[in-house]
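Here is a short note for a colleague meeting this structure for the first time. Please read the points with the model open beside them.

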Amino acid sequence: MSAATYAVRPASSRQLAGTGTLLRFALRRDRVMVPVWVAVNALMVLSMPNTLKGLYGTPDERADLVGRMATNSSLRAMVGPVFGDSLGALTAWRSGVYAGALAAVVGLLVVVRHTRDEEESGRQELVASGTVGRRASLTAALLAAAVANGVLALLVTAGLAGHGAAGALAFGLGIAGVGMVFATMAAIVAQLTESARLARGLTAAVLGAAFVLRAAGDSATDDGSSPLTWASPLGWLENLRAFAGERWWVLGLFAGAVLAQGAVAYALAGRRDLGMSFLPSRPGPAAGRLGGAGALAWRLQRGGVLGWSIGFLLAGLVYGSLADGAADLVGDNEGAREIFQRMGGQSGLTDAFLAAMVGILGLVAALYIVASVLRLHGEETSGRAEPVLAGAVGRLRWAAGHLAVAFGGAVLLMLLAGAGLALGHGERAGPILGACLAQVPAVWVIGGIAVLLYGLVPGAAMGAWGVAGAVLLIGWVGPALDVPRAVLDLSPFGHLPKLPGGEMAWAPVLVLTGLAVGLTAVGLAGLRRRDLTT
């Protein structure tokens, strides 16, 4: 496009010039991370009908489940109320909250990555120097999030259509709606803040608040009618009532929120300079307060560690309080008992439930360690690592500071999760804390893989998210589907002892710890020898 042609185009068209090219570039950059997470989310949802059919195969068993949920406020807080006894309705109940939350995470990550991350790294300034409209990058980021959520909605709708086309369509659109609500919210926060890290953290905090509001509302009522539930987009998803007399008008809430937030984001994007923000950033610490590379790494990552720590403590409290309620809900259902035992071992049902929850928290901790390790990649690609390494700081010393936060933070998270489980359950702090610490070597292996990819093949470093997503899928869905042991063994978590309740096995713990050390050492050796990314 010539400069003269660009000049005579309407102002609204000039604002969006280059959107298509930027969208293709965004989709190409996300060709690994986004498909993996969409697949994980879709498979989690689509595996649920067969799982539920094996657990509650008769109408009487499903009706009994619905009756028990009506009186179990703690489990309603975790997964929401159930509005019907069909397999479709139970699928929407069991997977809706978590599918919506995963869609929200993908939406906020995609938008922040292609807006504030690009500005922070300086790449957006180069792009904007060409014939690219002022709002093109924001539009491309939102469209990339829409593509991811649209594909997820199509997969869910097609996969569940056999249980009712209307319910499948409503459920798919509802999950995508949650994703787009948080994508547009991230677009607003990206205009307000000067840091991509802060933008992600604030949007994730809003997602956490939405989960808490929904949980508080659902624990108080068994029909989703609480004002607290309606204050959360996750509550809108459950009140859509897919497969249980769909409330199509609820989709208007999603559409209205997306349009309103999108309009605010576009207005803010047109009123600020490139690289600037509406909320001023705080000045750095006074001279002398950062005594080394480790202190700098802690300064950069302490906000994330704090947020994850609070989340794990609260999750532990919630899951611990549910242990006895889960035993009441399972009752005499042998299928449900077998799933808990595959996840948590052959001990008593309460111990098996606690072991299963410990395993889930370990899987989530793997997401933390990947994010923390890849902070090295972000510092390098943004150019902030070069001034540090230009001084009397070697690469290994610089990396060691961030890895100490990543690997040590994983230990802290599991300790806090154990403390929360023990407090919520009300007894046996020692065995529960030991069970949580037994998950750490597997978490470290995932962190070691992230270090390996970053050190040897920095261009493929984001593939660590794919590894974490695959491990999450195996650990979350595998036991419910009774997949072969060989598949479960692909995850490092599949080799750990099932604690509390089971017997401690030191061999796999030591082997996984050694594997994590080896992967990390090879990755650091690669970092020491290669050129920095420019």
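1. Helices here are DSSP runs of H or I with at least four residues, numbered from the N terminus. On that numbering, Arg241 sits in the loop between α15 (233-239) and α16. Please bear in mind throughout that the model is predicted.

2. Look at the backbone of that loop. Arg241 is not a glycine, yet its phi is positive, at about 55°. Phe243 lies in the loop between α15 and α16 as well. Its phi is near 65°, again a positive value in a residue other than glycine. Phe243 has a relative accessibility of 13%, so it counts as buried.

3. The bond from Leu499 to Pro500 is cis, and its omega is near 0°. Pro500 belongs to the loop between α26 (485-488) and α27.

4. Next, helix packing. Two packed helices are described by the angle between their axes and the distance between the axes. Helix α8 (residues 87-114) packs against helix α12 (residues 165-192) at an angle of about 30°, and the axes are 7 Å apart. Angles under 35 degrees count as roughly parallel, so α8 is roughly parallel to α12. Their crossing is right-handed.

5. Which residues of α8 and α12 make the contact? From α8 they include Gly96, Gly100, Ala103, Ala104 and Gly107. From α12 they include Phe171, Gly179, Phe182, Ala183 and Ala186. By class, this contact of α8 with α12 holds 14 nonpolar and six polar residues, with no charged ones.

6. Helix α12 has a further partner. The axes of α12 and helix α16 (residues 250-269) cross at roughly 20° and come within 9 Å. That angle makes α12 roughly parallel to α16. The crossing of α12 and α16 is left-handed, whereas that of α8 and α12 is right-handed.

7. On the α12 side, the contact with α16 includes Leu173, Gly177, Val181, Met185 and Gln191. On the α16 side, Leu251, Phe254, Gln261, Val264 and Leu268 are among the contact residues. By class, the contact of α12 with α16 has 16 nonpolar, six polar and no charged residues. Val178 of α12 is listed in the contact with α8 and in the contact with α16.

8. Now the salt bridges. The count comes to four. One of them joins the side chains of Asp30 and Arg113, at 2.4 Å from N to O. Asp30 lies in the loop between α3 (19-29) and α4 (33-46) and Arg113 in helix α8, so the pair ties together parts that are 83 residues apart in sequence. Is this pair buried or exposed? Asp30 is buried, with a relative accessible area of 4%. Arg113, at 13%, counts as buried too.

9. A further salt bridge pairs Arg530 with Glu380, at 2.9 Å from N to O. Arg530 lies in the segment after α27 (506-529) and Glu380 in helix α20 (residues 375-381), so this pair ties together parts that are 150 residues apart in sequence. Arg530 and Glu380 are buried.

10. Arg214 forms a salt bridge with Asp218, and their closest N and O atoms are 2.6 Å apart. Both lie in helix α13 (residues 196-220), four residues apart, about one turn of the helix. Arg214 and Asp218 are both buried.

Note on methods. Residues are numbered from 1 along each chain as its sequence is written. This is a predicted model: local features need pLDDT of at least 70, side-chain atom pairs count only at pLDDT 80 or more; totals for chains, interfaces and linings use all residues. Side-chain values use heavy atoms; hydrogens and water are left out. Axes are lines fitted to C-alpha atoms, for helices over the stretch in contact, and angles run from 0 to 180 degrees between N-to-C directions. Helices (H or I, at least four residues) and strands (E, at least two) are DSSP runs, numbered from the N terminus. Angles under 35 degrees count as roughly parallel, over 145 as roughly antiparallel, 65 to 115 as roughly perpendicular and the rest as oblique. A crossing is left-handed if the near helix is turned anticlockwise from the far one by less than a right angle, and right-handed if clockwise. Contact means heavy atoms within 4.5 Å. Ala, Val, Leu, Ile, Met, Phe, Trp, Tyr, Cys and Pro count as nonpolar, Asp, Glu, Lys and Arg as charged, and the others, Gly among them, as polar. Buried means under 20% relative accessible area, exposed over 50%, partly exposed in between (1.4 Å probe, protein chains only).
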